[in-house]
Amino acid sequence: MPTLPVVGRAFDRACDSGPCDAVPAPPFRYLHLRGRLVNLQAEPPNHALTDAYRAGMRRLAGAVSVLTVGEGTSRTGLTASSLTSFSVDPPTLLICINKGSSVRGELLARGVFAVNVLAAGQQELAERFAGMKGLHGEERFAAGGWTQLATGAPVLDGALANFDCRLDEVIERHSHMIVLGRVVATRLAEAAEPLLYWSRGFRQLDL
Ligand SMILES: Cc1cc2nc3c(=O)[nH]c(=O)nc-3n(C[C@H](O)[C@H](O)[C@H](O)COP(=O)(O)O)c2cc1C
């Protein structure tokens with residue numbers, strides 16, 4: 001049974017016989033819906049809290065990756081700092097993508113993608129794939145060297161690490177999709193330092 005905070009006995013009532021989609025009566029706040037835990041409580045927007053959340057998140061230093069999908073002229077991709085490891089066995093990564101992003105269609109249609117962890121010298125690529133240079137889709141691939149590993153998704157030469165993935169699951173929630181990728185091939189560059197993003201700017205390690 002999940003151990004998240006639960007109001008009442010929602011899980012006992014709704015899920016004793018496994019995942020289900022029955023809506024429990026109030027005061028139950030969470031529902032175990034087809035294997036997912038969903039918060040049923042609608043909350044009004046709180047702009048002060050949103051601003052404070054943003055300010056807090058700016059203090060989170062993170063690695064910078066480029067997620068890539070497609071082949072030939074259908075290639076597209078975006079810069080993302082939301083990459084994290086999900087599980088080692090099986091090797092699975094997690095990355096959060098805005099539902100409005102241009103990668104969404106190709107990602108869902110092809111079911112394969114790559115994540116390229118950028119090295120310190122690849123800031124220009126991070127800017128391209130973040131839309132900072134006004135480039136879209138295939139245009140973003142005009143810089144850098146690109147190849148393929150197992151799935152056919154584009155992988156970037158010189159990246160600290162390339163993860164070639166099959167789409168495992170997509171969970172749509174609020175503005176974003178939580179994308180789980182089953183890693184089927186990896187490639188590592190020669191030892192290099194990472195590109196980081198912190199406090200609204202690209203950074204490098206200063207060791
Ligand atoms: C450092 C950095 C990290 C980002 N991380 C994410 C992310 O994790 N998920 C996401 O959807 N967008 C992220 N973005 C924004 C996208 O890169 C940007 O909106 C991009 O233009 C989306 O591609 P599109 O315009 O083709 O849809 C990030 C941008 C920057 C600069």
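These notebook entries record what I looked up in the predicted model.

**Basis.** I number residues from 1 along each chain as its sequence is written. As the model is predicted, local features need pLDDT of at least 70 and side-chain atom pairs count only at pLDDT 80 or more, while totals for chains, interfaces and linings use all residues.

**Chain.** I found 4 helices and 14 strands in the chain; these are DSSP runs numbered from the N terminus, with helices being H or I of at least four residues and strands E of at least two. Of the 207 residues, 27% count as buried, that is, 20 or more other C-beta atoms, placed from the backbone, lie within 10 Å of their own.

**Ligand shell.** I looked up the 16 residues around the ligand, of which Ala 80, Ser 82, Asn 98, Ser 102 and Gly 131 come nearest; a residue is near if its C-beta atom, placed from the backbone, lies within 6 Å. Strand 5 (76–80) and strand 7 (92–98) each supply at least two residues of this shell, and the largest share, 4 residues, comes from strand 5.

**Helix 3.** I then asked which residues of helix 3 (residues 103–110) are buried. They are Val 103, Glu 106 and Leu 107. Seen down the helix axis, these fall within an arc of 100° (taken from the directions from the axis to the C-beta atoms), so they line one face of helix 3. They pack against strand 4 (65–69), strand 5, strand 7, strand 8 (112–117) and strand 11 (161–173), where contact requires C-beta atoms, placed from the backbone, within 7 Å. Just after helix 3, I noted that Gly 111 takes a positive phi of about 70°.

Notes:
A residue is buried if 20 or more other C-beta atoms lie within 10 Å of its own, exposed if 12 or fewer, and partly exposed in between; C-beta atoms are placed from the backbone. Two residues are in contact if their C-beta atoms, placed from the backbone, lie within 7 Å.
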